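Please look at the sequence and the structure together before reading on.

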Amino acid sequence: KLKYGFLNTYLRCFSRRAESVACQTPAMKSRLEVFLREPVEVLPFYRSPIEQDLPRKFDFCYVGIPSAHKNHERFFEALSILSQEGIKVRVAVTISDAPADRGLLAAVDRLNREGIVTVSNWGLVSFEEACSIYNQSQSLFFPSLKESFGMPVVEALELGLQLLIADLPYADALVRGGVRFDPYSVESMTDAMKQFLHQPDEVPRAELLTQDASQRIIQRLMGEG
């Protein structure tokens, strides 16, 4: 609460001294305009991922710091169901060895000991390592419960991965299509993974609805637009 109170004060004070305020999604624009009581532009910015010619050895990847809203617990429960049903799956995740993440690491170990679902944990990764994960994966599984933007979704789609994503408003603002599931339902997540595993070429592909505005931002900062 103290951190967010400080950030709120910071935003209010410095936004009034800025010529313009920008954010990355229409949803965040709406929230900021209510909070700041001034116009906000949508100028998404991101670094284009690195394409590599690597074998696709993972069925799913989930790149992201495992905060509570990232929903890793239900994700691993869904993978456990696949393991119990004898469905072989190869997954890549990025979970640190921090004390707060020990429960998730234990879930990874349990899955790997069962020998049906294989989970490759890369730990905290650099941008280049994240790109390596994408380039070795068939799809991105994204069960996050809330996002201000969703950078892994953008990066994965730019590299041509299939997308299985939580059926929440942030997904609608970012992509059209893709396999949708209820991120609060382990059964729904399991069904989405089965759908992809059984008929990967027949699932609806996702279309990215945002474009990088980095050059526009740079021009704005240089006073050229």
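Contact is taken here to mean heavy atoms within 4.5 Å, and helices (H or I, at least four residues) are DSSP runs numbered from the N terminus.

## Basis of the model

This is a predicted model, in which local features need pLDDT of at least 70 and side-chain atom pairs count only at pLDDT 80 or more, while totals for chains, interfaces and linings use all residues. Residues are numbered from 1 along each chain as its sequence is written, and side-chain values use heavy atoms, with hydrogens and water left out.

## Helices α3 and α8

In α3, Arg-74, Phe-75, Glu-77, Ala-78, Leu-79, Ile-81 and Leu-82 meet Val-186, Met-189, Thr-190, Met-193, Lys-194 and Leu-197 of α8. The residues of this contact divide into nine nonpolar (Ala, Val, Leu, Ile, Met, Phe, Trp, Tyr, Cys and Pro), one polar and three charged (Asp, Glu, Lys and Arg), where polar covers the others, Gly among them.

## Phe-196

Phe-196 lies in helix α8 and, at 5% relative accessibility, counts as buried, a term that means under 20% relative accessible area with a 1.4 Å probe and protein chains only. Leaving aside neighbours within four places in sequence, Phe-196 is in contact with Asp-59, Phe-60, Gln-138, Ser-139, Gln-162, Leu-164 and Val-203. The C-alpha atoms of Phe-196 and Val-179, which stand 17 residues apart along the chain, are separated by 8.2 Å.

## Surroundings of Phe-75

Not counting residues up to four places away in sequence, Phe-75 touches Tyr-62, Val-91, Val-93, Phe-141, Pro-143, Met-189 and Met-193.

How values were computed
Helices (H or I, at least four residues) and strands (E, at least two) are DSSP runs, numbered from the N terminus. Buried means under 20% relative accessible area, exposed over 50%, partly exposed in between (1.4 Å probe, protein chains only).
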